[in-house]
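User: I want to learn how to read disulfides and cores in a model. Can you take me through them?

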Amino acid sequence: QVRLVESGGGLVQPGGSLRLSCVASGFSFKDFMMAWYRQAPGQGRELVASITNADSTIHLESVRGRFSISRVNSYNTLYLQMDNLQPDDTAVYYCKKIPGDTWGQGTQVTVSA
């Protein structure tokens, strides 16, 4: 059974940084593409970044140069380094196996002065 546990969110001031983690279990992590999504209040869920099993990455244009997705297969862990955070980045962040339909509980990121 696929299980995804996100952590690392919190309250940060504009310009601050956070690193999100997602620990995966129940499947062969190293063999799958993984992604980070986010959902802001009153909005749909959007893809923030993805990483293939060969470490090829794609980032949403609005976060390019500020966020960086990475993975450590030996730890079954996905990361999202977020720098220069802005209020528009406020959302619940989720990780996801691609393909797959399992979501974790998410981790709240709030950017506010």
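Predicted model: local features only at pLDDT ≥ 70, side-chain atom pairs only at ≥ 80, totals over all residues.

User: How many disulfides does the structure hold?

Analyst: A disulfide is a covalent bond between the sulfur atoms of two cysteines. The cut-off here is a sulfur pair within 2.5 Å. The structure holds one. It joins cysteine 22 to cysteine 95, S to S 1.9 Å. Cysteine 22 lies in strand S3 (residues 18-25) and cysteine 95 in strand S9 (residues 91-98), so the bond ties together parts 73 residues apart in sequence. Strands are DSSP E runs of at least two residues, numbered from the N terminus.

User: Why is the disulfide right-handed?

Analyst: The torsion about the S-S bond of cysteine 22 and cysteine 95 is about 50 degrees, so the disulfide is right-handed.

User: Is serine 21 buried or exposed?

Analyst: Buried means under 20% relative accessible area, exposed over 50%, partly exposed in between (1.4 Å probe, protein chains only). Serine 21 has 16% relative accessibility, so it counts as buried. Serine 21 also lies in strand S3.

User: Which residues of the largest nonpolar core touch the most other members?

Analyst: In soluble globular proteins, nonpolar side chains tend to be buried together. A nonpolar core is a set of buried Ala, Val, Leu, Ile, Met, Phe, Trp, Tyr and Cys residues joined through side-chain atoms within 4.5 Å. Of the 26 residues in the largest one, Trp36, Val48, Phe67, Leu78, Leu80, Met82 and Tyr93 touch the most other members. S3 gives the largest share, four residues.

Terms used. Residues numbered from 1 in each chain as written. Heavy atoms only, no water.
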